[in-house]
Amino acid sequence: MTTTNRPSRSPQSAGPPPAGGSRRARPPAAAWISWVALALMTTGSVASLRPSPTMAVYGLAAVFLYVVPAIVFLLPTSLVSAELASGWPGGVYNWVALGISKPAGFLAVWCQFAMTIFYYPSLLGYVASTLAYVFDPDLATSGWWTAAVIVVAYWSGVWISSRGTKGVAGLAGGGLVIGTLIPGALLVVLGLVFLGRGHPSAAPMSASHLLPAWAGLASLVLIVNNFLSYSGMEMNAVHVSSLRKPGKEFPRAMFLAMGLVLLIFILPALAISWVVPSDQLSLTAGVMQAFDAVFAGFGIQWLTPVIGILLVLASLGGMLTWLAGPSKGLLLIARQEGYLPPFLQRLNGRGVQQNILVAQGAVTTLIALLYAFIPDVSSAYWIFSVITTQVYLIMYLLMFVAAVRLRRKFPDHPRGFRAPMLVGLCGIGFCASLAALFVGFVPPSQFGSGSPWVYLGIVAGGALGLGLLVPFLFYRLRKPSWRQPEVSSS
């Protein structure tokens, strides 16, 4: 999910399975990219400051909690999706449809879309808390303020997207610089100066705190957020065929990207933990809490609203660039196979899938209103983040199974890149994804003392209901008249 202004990337459109074992055309010489450029593209699409407060709760142990998911999830998804993208165009639907079945392919592309329904309330919850520091920091804890910002920002984005505005995609690149690199570097540098002036770190930084304190599974639940932060690698894998020597250069690109992503994730999280005590840390406003505290120490607190505006603009830019992507991929498959009713397949005069965006927005609005009724904004933010992650992980489980089956069914099918030890990578990625999915049902010990059954009901209802039940009903209720392949090909 990933917030990242996570995610700040657009999923590739899923298409029909390609004909037989035809070899994919290599790009012209002008289209080649270097492995360093691919590493930077990948870093830009994954890295973000948004998940930093979640891991800052753990202090120095955030290093361990970032590195482990990177090894067992980020690396397998990168290498496996690269093989799939270099052998079968069309995205996750084609991979899973060919490797498992068409219904499973529909489930995969549905989950890629459905995760955004909960992702936007969590992303815009971060935007609301950040924007509060521009006007009044006390608003960061107001559920009504958060709900209002989500509703206004989301529907404004739908209006802009429905008009087919061009040039919005360029906001993503600018968002990486103004919303991640500049604020992140500033936060780390000022944090180091803060410590250098003799201020004690709010979190212990001794070697004995490198591993998180174990107080039962609930004490480590927040690690699930890192799976969302690292998600989306299947989008970037499509570029593997643009490398001159994919077999050698793609692993280099991924290891460099992983190192850069870890730096961007870990250093700001540590900087926040130096300045803001964990028991006072807000999951949505933690970045601004740290900036406010550091700026106050240097007598430049007037810069806090400026940083807030930069972070908000970057997050909104990322939302706009990604808003229509997943729904467009779902629409193409739904028309070809008849998975959605005609009402949801209609386009407006500018060729935008407005009805899907409006239906998605209606659900997003209802979810946003929960911020007004869940007492703790951080708790609401976490619930939406974990549901987003779990729905997305269903897609990854299917992708890992499909990759193994495709390797065995079509061992000689031309691929621009062959992942080393594919079965082992898929096994590690599958087990890690499954473990993260189950761990997400455990209430985190860091926040609140509410009923675990209420938490379980909300998370299970959102993740399993939206991720499994809804697509099952669409599939069972589909009619032959729902197919409109001639429209989708136009």
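These questions and answers cover helices and aromatic pairs in a predicted model.

Student: Where is the kink in helix α18 centred?
Tutor: Helix α18 covers residues 452–477. Its axis kinks by about 45°.

Student: Which helices do the buried residues of α18 pack against?
Tutor: The buried residues of α18 include Y455, V459, G465 and P471. The buried set packs against two helices, α5 (102–135) and α16 (377–409).

Student: Why does the end-to-end distance of α3 agree with its number of residues?
Tutor: Helix α3 runs through residues 62–87, which makes 26 residues. At 1.5 Å a residue, α3 should span 38 Å. The distance agrees because the end C-alpha atoms of α3 are 36 Å apart.

Student: At which residue does α3 bend?
Tutor: α3 is mostly covered, with 20 of its 26 residues buried. The helix bends by about 45°. The bend in α3 is at A70.

Student: How many aromatic pairs does the structure hold, and what is the angle between the planes of Y230 and F265?
Tutor: The structure holds 18 aromatic pairs. In one of them, Y230 and F265 lie 5.6 Å centre to centre. Planes over 60 degrees apart count as edge-to-face. Y230 and F265 form such an edge-to-face pair, with an angle of 65°.

Student: Which parts of the chain does the pair of Y230 and F265 link?
Tutor: Both residues are buried. They are 35 residues apart. Y230 sits in the loop between α8 (224–229) and α9 (233–236), and F265 in helix α10 (residues 246–275).

Student: Which helices hold Y371 and F384?
Tutor: Y371 and F384 form an edge-to-face pair, 5.1 Å centre to centre and 65° between the planes. The pair ties together parts 13 residues apart in sequence, because Y371 lies in helix α15 (residues 354–373) and F384 in helix α16.

Student: Is Y371 buried or exposed, and what about F384?
Tutor: Buried means under 20% relative accessible area. Y371 has 0% relative accessibility, so Y371 counts as buried. F384 has a relative accessible area of 1%, so F384 is buried.

Student: Which residue lies over the face of Y475?
Tutor: Ring pairs link Y475 into a cluster with F106, W110, F113, Y339 and F474. At 3.8 Å from the ring centre of Y475, over its face, lies R478.

Terms used
Residues are numbered from 1 along each chain as its sequence is written. This is a predicted model: local features need pLDDT of at least 70, side-chain atom pairs count only at pLDDT 80 or more; totals for chains, interfaces and linings use all residues. Side-chain values use heavy atoms; hydrogens and water are left out. The bend at a residue is the angle between axes fitted to the seven residues ending there and the seven starting there. Helices (H or I, at least four residues) and strands (E, at least two) are DSSP runs, numbered from the N terminus. Buried means under 20% relative accessible area, exposed over 50%, partly exposed in between (1.4 Å probe, protein chains only). Contact means heavy atoms within 4.5 Å. The expected span of a helix is 1.5 Å times one less than its number of residues. Rings of Phe, Tyr and Trp (its six-membered ring) pair if their centres lie within 6.5 Å; planes under 30 degrees apart count as stacked, over 60 as edge-to-face and the rest as tilted. A charge sits over a ring if NZ of Lys or CZ of Arg is within 6 Å of the ring centre and within 35 degrees of the ring normal.
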